[in-house]
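Okay, everyone, thanks for coming.

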Amino acid sequence: MGGDRGPAVVLRGALQALEADPDLRLTLVGPAEEVEPFAAAHDRATAQVATEVIEMGEHPAGAVRAKKDSSIVVGCRLVKEGAADGFFSAGSTGACLAAATLVVGRIKGVKRPALGQVIPAWARPTLLIDVGANADCKPEYLVQFAQMGEVYMNAIMGVERPKVGLLNIGEEDTKGDLFAQEAHRLLTEAVPAFAGNCEGGDLMAGDFDVVVTDGFTGNVCLKTIEGTAKTLMRNLKAALMSTALSKVGALLVKDPLGALKEKMSPDTYGGTPLLGVKGAVIVGHGSSNETAVKNGIAVAAATVRAHVPEVIAERVASAPAPASAAVGAEEKGEAAASDAR
């Protein structure tokens, strides 16, 4: 039921995913009138009826607790119970985060699950993490973001030795506020692949495979990138359509521009993985079309097949705790409060 365009788009994306992956099996969660006809028509699809829907404007944690039979909660419950291996939704991001944390559960030792978005940087794709799961962070959280991001880029994007950067206002070690400086110190000590600060202007250059930041900064950064890409494509189209001569030129570059548009589109990457929970959870954009749904399902399947949650659990368990990351009663209380959000 997720997404701004209604369940029909989700079902078309699900069909494309089944056609593209002969080993894929899907459980469609939602109202009977939406999921049962589709499941009846496709051998590798089953229906799981859910009688409630979490709307975009509802308070995420409150809705997850109140609507136990919503499609998001039921989908996450299937993962927790082992009836499904992964979960994809283009519904309320906040509700997906709350359900994944409260229902699927955090990996032992992970302080905060984080959203990581693959962005189409120039040299190679870059994972920006966190992009919205944790508006308030402690420096030591970024160490785990880096570790989880390394696992994802290795397993899903095929990067053998991911290079990690810290989003900051300058390249020098002493740049940034106290939060950034402490994060830099901890990353230097605990993450061998850490290669220093990444300035905002260099993020799209692709000099790093993983760039870590707090969720507030990451979300603003991501939406700025998406908005800039849309504006550039809109202005480019207007310029190419402005005169008869430019229209002729537009025909000559139609295919390269189409490839560029596809590369810059978030639909190409399907969704944002929530790393740090006990299962493959992929959150799609609210405006996802069928291509984005298809690719989001594909990312969820790839995450399962690469055993990303299990590898993250092993990595976190074997990693030494950062010097300032002692967990006391106060931090445990903060973690519970964050989960409740």
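Let me start with a term: a crossing is called right-handed if the near helix is turned clockwise from the far one by less than a right angle, and left-handed if it is turned anticlockwise. And please keep in mind that what you have on screen is a predicted model.

So, with that term in hand, look at helix 4 and helix 5: their crossing is right-handed. Helix 5 covers residues 93-104, and its axis and that of helix 4 come within 9 Å, crossing at roughly 35 degrees. Which residues of helix 4 and helix 5 make the contact? On the helix 4 side we have I72, V73, C76, R77, V79 and K80, and helix 5 brings in A95, C96, A99, A100, V103 and V104. Sorted by class, that contact has 10 nonpolar residues, no polar ones and 2 charged.

Stay around there for a moment and find K67. You'll see K67 in the loop between helix 3, which is 60-66, and helix 4, which is 71-81. If you skip the neighbours within four places in sequence, K67 is in contact with E52, V53, I54, E58 and V73. K67 and T51, meanwhile, are 16 residues apart in sequence, and their C-alpha atoms are 9.1 Å apart in space.

Next pair: helix 6, residues 139-155, and helix 12, residues 308-318. Here the axes come within 10 Å and cross at roughly 140 degrees. Angles over 145 degrees count as roughly antiparallel, so helix 6 and helix 12 end up as oblique to each other. Their crossing is right-handed. From helix 6, the contact takes Q144, Q147, M148, E150, V151 and A155, and from helix 12 it takes V308, V311, I312, R315 and V316. How do the residues of the contact of helix 6 with helix 12 divide? We get 7 nonpolar, 2 polar and 2 charged.

I129 and D130 are joined by a cis peptide bond, with omega at about 10 degrees. The other one is H307, in the loop between helix 11, 290-305, and helix 12. H307 isn't a glycine, yet it has a positive phi of about 55 degrees.

Last pair, then. The axes of helix 8, residues 215-240, and helix 10, residues 254-264, come within 11 Å, crossing at roughly 165 degrees. That makes the two roughly antiparallel. This crossing is left-handed. A229, M233, L236 and L240 make the contact from helix 8, and L257, L260, K261 and M264 make it from helix 10. By class, that's 7 nonpolar, no polar and 1 charged.

One more thing, about rings. How many aromatic pairs does a search of the whole structure find? The count is 0. There is a charge over a ring, though: the charged end of K163 sits over the ring of F208, 5.2 Å from its centre.

Okay, that's my tour. Over to you.

Key:
Residues are numbered from 1 along each chain as its sequence is written. This is a predicted model: local features need pLDDT of at least 70, side-chain atom pairs count only at pLDDT 80 or more; totals for chains, interfaces and linings use all residues. Side-chain values use heavy atoms; hydrogens and water are left out. Axes are lines fitted to C-alpha atoms, for helices over the stretch in contact, and angles run from 0 to 180 degrees between N-to-C directions. Helices (H or I, at least four residues) and strands (E, at least two) are DSSP runs, numbered from the N terminus. Angles under 35 degrees count as roughly parallel, over 145 as roughly antiparallel, 65 to 115 as roughly perpendicular and the rest as oblique. Contact means heavy atoms within 4.5 Å. Ala, Val, Leu, Ile, Met, Phe, Trp, Tyr, Cys and Pro count as nonpolar, Asp, Glu, Lys and Arg as charged, and the others, Gly among them, as polar. Rings of Phe, Tyr and Trp (its six-membered ring) pair if their centres lie within 6.5 Å; planes under 30 degrees apart count as stacked, over 60 as edge-to-face and the rest as tilted. A charge sits over a ring if NZ of Lys or CZ of Arg is within 6 Å of the ring centre and within 35 degrees of the ring normal.
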